[in-house]
Amino acid sequence: MHVAAIIAAGGRGTRFGSGRPKQLLEIGGKSLLARSVDAFARCASVNELVVVLPPDLVSRPRDYLHSVGKPVRIVAGGRRRQDSVANGFGAVAAAADLIVIHDAARPFVSDALISRTIEAGWRFGAAIAAVPASDTVKQAADRPADDEPRPVARTLAREHIYLAQTPQAFRRDILSEALALAATGAEATDEATLVERAGHQVRLVDGEPANIKITTPEDLRLAEAILARGDGLPARTGRVGTGYDLHRLVPGRPLVLGGVTIPSDRGALGHSDADVVCHAVTDAILGAACLGDIGRHFPDSDERWRGASSLDLLRRTAALAADHGYEVGNVDVTIILETPRIRDHVEAMREAVAAALGIEVARVSIKGKTNEGMDAIGRGEAIVAHAIALVRRRG
Ligand code: MG
């Protein structure tokens with residue numbers, strides 16, 4: 001069986017009231033369109049994709065549409081939904097014997113739901129994802145007067161009410177017949193309606209409550225909450241972590257701070273370059289991502305890390321956080337040191353730390369303080385750095 005997926009993103013999302021086409025709105029840093037396309041690109045049952053976009057977006061398709069690992073054709077939508085789907089249908093491969101249609105405004109469609117809709121569509125000719133109504137369903141009568149609420153005409157038996165979702169899967173001949181019939185008919189809000197009108201039976205496959213359709217700004221907020229289920233935080237909420245490091249100061253050692261060697265008659269004692277700035281920032285990022293601490297990932301006892309550049313460890317830490325789905329938002333560091341003054345070196349340190357983290361310099365702050373002559377730091381016997389880092393989940 002050769003399966004073509006049509007991703008319907010031809011509408012303008014006028015109900016949304018946003019200046020941007022709805023399908024390009026982002027949740028967790030990734031557009032609705034990209035999420036829907038990825039779901040079908042990942043699904044092993046799907047052989048090719050046809051993406052239907054508004055005509056003005058067809059000429060400048062997003063780069064990712066060409067790197068999904070399956071053949072993708074991009075076509076312009078039409079005036080009505082069925083016109084858009086008909087345009088998409090015109091672009092599927094001749095070999096396609098099953099067409100699965102999905103609304104790009106449903107970004108959370110699961111692999112399992114796509115697969116079972118395809119299976120049922122192949123077996124019965126036409127199948128759609130749908131969820132049973134959980135609220136009692138009232139059919140309303142016409143409004144008697146403009147300033148009055150509508151009366152209930154009757155209550156429908158809920159056990160027979162299902163709310164249609166997408167995906168919707170059809171054998172090629174059935175969809176072809178329905179679209180031909182629709183070319184002259186009224187607008188239909190889904191393809192199954194057209195198939196029913198053409199006299200075919202459509203089967204219901206268990207949909208998923210999370211497979212919501214993003215129609216309003218409230219839906220977008222709900223979508224952020226669904227995305228966040230992984231760690232209980234909304235996707236745009238950051239996680240913070242703190243880091244602290246202290247090294248003794250001794251004569252005859254270089255003083256390396258934030259990857260920058262600072263002229264000094266003494267430096268920090270340690271196995272590596274003993275860079276308290278990098279060590280504190282590393283711990284802050286690991287803490288924010290809940291990934292343990294510097295000693296766990298880069299133990300002194302491991303020859304690989306003996307004498308390692310602390311900037312390099314910082315780079316590896318950012319990569320580790322990225323592997324766990326986090327990007328660094330910003331970091332702020334306070335260095336406590338009696339002498340020398342670090343003011344003239346702060347910019348160089350910010351640049352080096354930002355480069356290691358792969359973020360803009362404006363997201364790295366470094367400040368210096370003395371300890372007013374008090375305790376070991378005040379006597380010049382030690383140096384301390386405190387850091388705080390914010391990480392965010394990546395889309
Ligand atoms: Mg250290």
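A residue counts as buried when its relative accessible area is under 20%, as exposed over 50%, and as partly exposed in between, with a 1.4 Å probe and protein chains only. The model here is predicted, so local features need pLDDT of at least 70, side-chain atom pairs count only at pLDDT 80 or more, and totals for chains, interfaces and linings use all residues. Residues are numbered from 1 along each chain as its sequence is written, and side-chain values use heavy atoms, leaving out hydrogens and water.

Q: How much of the chain counts as buried?
A: Of its 395 residues, 48% do.

Q: Are D245 and H247 buried or exposed?
A: Both D245 and H247 are buried.

Q: What does the secondary structure come to?
A: The chain has 12 helices and 18 strands, taken as DSSP runs numbered from the N terminus: H or I of at least four residues for helices, E of at least two for strands.

Q: Why is the chain called more spread out than a compact globule?
A: Because its radius of gyration is 29 Å, well over the 21 Å that the globule rule gives for 395 residues. That radius is taken over C-alpha atoms, and the rule is 2.2 Å times the number of residues to the power 0.38.
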